[in-house]
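Please view the sequence and the structure first.

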Amino acid sequence: MNEAQAVYLLKGAHGFKVSELLKNIGDYYVKKGANIEYFHDPLFEDTVEGIFIQAPHRILILQATNPSIEPTVLGGRDHVISLYDCVDEEQLSASEALFSLNEKKQTYYNHCFAALSKAIHIHDDWEVETRKYMNWSGLNQQFAYLTNQLFGETKLDKSSQLSHRLLGTLTPAGARDTVPSITQNLEKRLFIKGYPGTGKSSMMKRLAKEAQSRGYDVQLVWCGLDSNSIDMVILPELKFCIFDSTEPHVYFPDENRPGDEIFDIAKHCHPTEVEIKNIDRLVAQYKATMLEAKHFSKLYADEERKVREAVDVALNEDEFNKRTVPLFDLVEEFKDHINEQRI
């Protein structure tokens, strides 16, 4: 939201019709020549929760009901479009199964996040085992060589712009990520190979700070499981990225892309046979726990689908279309606003 010049929050009518609307708006502005960034719903692969009409427009349109996103600059940057009155509440409440569905949803949600929490703790134990035998001096030398290659003595005469994204998440179909789409226009991609706990995320954070200190724009791409962990750093001006290409998002260089290279930090870590056995045991526990989380996320999604379908059935589409049609004229309004400022 902080990157946008205008934010439109769609409140209410949280069914699949909102996703259809967002995709239609995205298609409309693509035909107008705009670049669009899509934000996907983790529960349903082909469902969109937000679109960002990129620079120079910088207009963000979000489904803001579940999870609830509130305006912070109301009357200025942020605008709320209420869709609550587009749903026939009597028809919706007539569905006797709706209350039961929501109760089931909450139960599955709680089980899913309990499993994810357990998985994080197992992952932490995994990191302890590998961290013991890491040669930090070797990693620091490798990092110094990388920063020198990237930046040399260069400093840009401007302020750095920092933005944040997610690399991927757990879905009912398993772990999913957006690596191919978010790196498709980059010329240089470094694939980090290394054990958990050996400094991948910390190194990328250091790289981001170094880039910022030199005036380069930075995009931090965060881990969907651990909110403190970075999975990727993108430096748009250098058309460069470096990312964790180990489980659950395993990638290798593409032979058709000459700028792809492996950045091996596993060579600095040499656990003993005892640690390797402990690691193998923890890996098995971790994978089993993530499968449990995936199972409950699917059950949650099954109930959520029924709720959203019930909302769509109770939707007054004429009123819905009436309230959302102005979203197809935002770029023209933006141009008029800029022209008024210039005058």
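Tyr-109 and Phe-113 are four residues apart in helix H3 (residues 97-131), so about one helical turn separates them. Helices here are DSSP runs of H or I with at least four residues, numbered from the N terminus. Tyr-109 is partly exposed at a relative accessible area of 35%, and Phe-113 is partly exposed at 44%. Buried means under 20% relative accessible area, exposed over 50%, and partly exposed in between, with a 1.4 Å probe and protein chains only.

## Basis of the model

The model is predicted: local features need pLDDT of at least 70, side-chain atom pairs count only at pLDDT 80 or more, and totals for chains, interfaces and linings use all residues. Residues are numbered from 1 along each chain as its sequence is written, and side-chain values use heavy atoms, leaving out hydrogens and water.

## Aromatic pairs

There are nine aromatic pairs in the structure. Rings of Phe, Tyr and Trp (its six-membered ring) pair if their centres lie within 6.5 Å; planes under 30 degrees apart count as stacked, over 60 as edge-to-face and the rest as tilted.

The ring centres of Tyr-28 and Tyr-29 are 5.1 Å apart with planes at 80°, so this pair is edge-to-face. Tyr-28 is partly exposed at 29% relative accessible area, whereas Tyr-29 is buried at 1%. For Tyr-109 and Phe-113, the centres are 4.7 Å apart and the planes at 35°, so the pair is tilted.

Notes:
Helices (H or I, at least four residues) and strands (E, at least two) are DSSP runs, numbered from the N terminus.
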